[in-house]
Amino acid sequence: MSTKECAAKRFIYVWEGPVRITHWINFFCIIILSFTGYYIHNPFLSGPISTDVYVMGTIRYVHYLTGIVFAMSLIIRFFWLFVGNYYSSWHSFINPLNKNDRSTFWAYLKYYTLLGRKVPHTLGHNPLALLAYIALFTLFILQVFTGFALWSQANPNGLMYSLTGWIFPLISNQWIRFFHYLVMFLIGGFVINHIYSAVLFDFKTQSGEISSIFSGWKAKKRD
Amino acid sequence: MGIAEKMKCLGVSRRDFLKYCTAVSGTLALSPAFAPKIAEAIESDTRPPVIWLEFQDCAGDTESLLRASAPTAAQLILDHLSVDYHETIMSAAGHQAESAKENTFEKYKGKYICVVEGSIPTGADGAYCTVGGRSAEDILKEVGGNAAFIIAVGTCATYGGLPAAYPNPTDAKSVKELLPNKTVINLPGCPVNVENLTGTIVHYLLFGAPPAMDKFLRPKFAYGKRIHDNCERRAHFDAGQYVEAWGDYGHKQGWCLYKMGCKGPETFHNCPTIRWNEGLSWPVQAGHGCAGCSEPGFWDTMTPLYKRLPNVPGFGVEATATKIGAAVVGISAVVFGAHGIISAIRNRGLVKKVESSEFEDDDK
């Protein structure tokens with residue numbers, strides 16, 4: 001006699017502390033950076049009549065400070081790529097030479113494009129999601145780099161400019177600014193994909209996809 | 001005639017001259033104590049001859065040089081440098097003019113200063129710009145190549161400027177692109193600010209070397225700070241007070257021109273401190289945003305002049321970053337929304353299926 005139970009059986013500690021903490025730091029940073037960044041592009045608040053305010057100044061300060069926190073969070077996450085458990089490390093990247101990895105990849109590609117129904121259960125990132133995260137973190141790095149480069153223009157004799165200013169002879173500061181602004185929307189498009197896919201797999205796998213980013217635990221399917 | 005007599009003739013007093021020397025020391029970010037030394041350097045007889053070459057240009061930099069209504073100390077100094085060849089202002093013409101250039105070129109080989117105004121077209125074997133039957137590129141390589149150093153004035157000579165803007169029909173190039181191994185001092189701007197030109201020359205007279213330059217070969221004394229960071233309207237920027245339309249309340253109050261597409265945050269130049277027309281005014285003070293004329297890639301990267309960011313080329317209609325970005329977000333929302341609806345239909349009865357399969361498993 002059995003009671004009603006979900007398909008999941010054993011719970012496994014998948015997302016370690018630093019992975020979850022940096023995820024949520026990134027979450028808050030992206031929200032703050034997007035809103036403050038959009039204001040810096042287009043100061044939509046109506047102009048105060050009094051000069052006894054510091055609206056743009058404060059918003060730029062918040063943007064820069066959050067940018068520093070975001071950069072730190074990325075550094076920690078990259079560190080964890082090398083010292084963390086299997087699910088958070090670069091070991092979980094799919095190997096295109098491995099037959100099993102390839103078939104998992106195709107299964108997921110078919111599933112996402114509505115051509116197939118069955119996918120092997122993956123505890124960590126599925127191979128397609130992993131590709132998306134690699135692309136996303138590349139955007140993050142470019143975003144942090146271009147952000148600091150644009151900021152450093154306030155002092156072309158400073159350390160920050162000597163680290164990042166080499167980009168300007170290659171790409172003019174107007175196109176860097178354009179890119180820095182456009183990437184905000186690309187990240188916005190990703191967020192839609194990310195939340196949707198997490199909800200989709202939460203339904204499909206009944207393994208606690210959504211709750212795992214709070215608790216770290218994820219259910220392994222019974223074999 | 002020495003410069004002292006010249007000044008006397010034209011009614012420029014000794015006091016004006018020394019005041020000017022002090023101002024130059026300020027422009028060059030030197031101590032005011034340098035003023036007497038600057039006066040001495042200007043008055044010495046070891047002044048180098050100057051050959052001023054004009055290529056694909058509008059003579060705007062020459063205009064900038066000559067703009068004063070009354071003779072000023074600055075103008076006298078440029079007069080005093082023996083400008084042996086300058087197509088626009090020299091009285092000689094034709095072969096006489098060319099021979100004046102030849103004389104200087106032969107006599108002072110390796111010692112004269114070459115000032116270049118305008119970009120150099122390299123398309124159609126240089127046929128787009130010829131002087132005395134020779135292509136601009138030929139002249140530049142001969143006269144520029146044998147100068148002590150070259151000062152490229154104006155954005156055309158420094159980065160190609162307007163002639164090199166898309167689609168660059170004449171294949172216009174900058175001085176540095178054609179003479180990569182030569183010492184070139186870039187003084188961009190549309191036009192060049194004459195204070196920066198005299199400053200650069202005085203620096204050479206004083207120290208015998210070009211001033212410290214940034215990675216775009218611009219003297220740091222003139223292009224070391226962004227317009228935005230020295231702007232008199234900066235407080236309005238920080239406060240969040242912006243001009244929203246020409247002639248509105250904010251515009252009358254002198255608020256920040258950021259939303260009107262001012263390129264001050266992208267442009268390195270000393271306009272806010274040196275200003276134009278003997279310190280009278282400059283674009284932002286006059287109520288119009290900076291056009292970003294002294295940056296590499298002006299015109300292509302700084303237009304539209306009244307928008308913050310450039311348009312994306314190749315879309316025909318105005319394709320702004322915001323439109324493209326909103327399209328990206330909109331398309332992902334539609335795609336994933338549709339995917340969600342299809343998935344919901346495909347997974348009808350999922351709960352029952354899962355439960356029954358669980359019971360089957362247990363029954364086995």
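This is a predicted model: local features need pLDDT of at least 70, side-chain atom pairs count only at pLDDT 80 or more; totals for chains, interfaces and linings use all residues.

Q: OK, chain B first. How many helices and strands does chain B have?
A: Chain B has 17 helices and nine strands.

Q: And how is chain B divided into domains?
A: The domain assignment gives domain 1 (3–221), domain 2 (225–310) and domain 3 (321–363) of chain B.

Q: What distance separates the centres of domain 1 and domain 3 of chain B?
A: The centres are 68 Å apart, taken over C-alpha atoms.

Q: What does the C-alpha trace of chain B span along its principal axes?
A: About 115 × 50 × 40 Å. The radius of gyration of chain B is 29 Å, whereas a compact globule of 364 residues would have one near 21 Å.

Q: How much of chain B counts as buried?
A: The share is 42% of the 364 residues of chain B.

Q: And what share of the contacts in chain B with a separation of 6 or more comes from residues 24 or more positions apart?
A: Those residues account for 69% of such contacts in chain B.

Q: Let's zoom in on a strand. Are the faces of strand 9 of chain B covered or uncovered?
A: Both faces are covered. Val184(B) and Asn186(B) are buried on one side, and Ile185(B) and Leu187(B) are buried on the other.

Q: Why would neighbours in a strand end up on opposite sides?
A: Because side chains in a regular strand alternate between the two faces of the sheet.

Q: Do strand 7 and strand 9 of chain B pair in the parallel or antiparallel sense?
A: Parallel, over four bridges. Strand 7 of chain B covers residues 149–153.

Q: Which residue of strand 9 does Ile150(B) stand opposite?
A: Ile150(B) stands opposite Val184(B). Val184(B) is one of the buried residues of strand 9 of chain B.

Q: What about the bond from Thr303(B) to Pro304(B), cis or trans?
A: The Thr303(B) to Pro304(B) bond is also cis, with omega near -5°. Pro304(B) is in the loop between helix 15 (271–274) and helix 16 (321–346) of chain B.

Q: And phi? What is the value for Ala124(B)?
A: Phi of Ala124(B) is near 50°, a positive value in a residue other than glycine. Ala124(B) sits in the loop between strand 4 (120–121) and strand 5 (130–131) of chain B.

Q: Why does Ala124(B) count as exposed?
A: Because Ala124(B) has 11 C-beta neighbours inside 10 Å, and the cut-off for exposed is 12 or fewer.

Q: Over to chain A. What is phi of Leu114(A)?
A: About 65°, so positive, although Leu114(A) is not a glycine. Leu114(A) is in the loop between helix 3 (99–112) and helix 4 (127–152) of chain A. Leu114(A) is exposed, with 12 other C-beta atoms within 10 Å.

How values were computed: Residues are numbered from 1 along each chain as its sequence is written. Chains are lettered from A and ligands numbered from 1 in the order in which they are written. A residue is buried if 20 or more other C-beta atoms lie within 10 Å of its own, exposed if 12 or fewer, and partly exposed in between; C-beta atoms are placed from the backbone. Helices (H or I, at least four residues) and strands (E, at least two) are DSSP runs, numbered from the N terminus. Two strands pair if DSSP finds at least two bridges between them. Domain bounds come from an automatic or database domain assignment. The radius of gyration is taken over C-alpha atoms; the globule rule is 2.2 Å times the number of residues to the power 0.38. Two residues are in contact if their C-beta atoms, placed from the backbone, lie within 7 Å.
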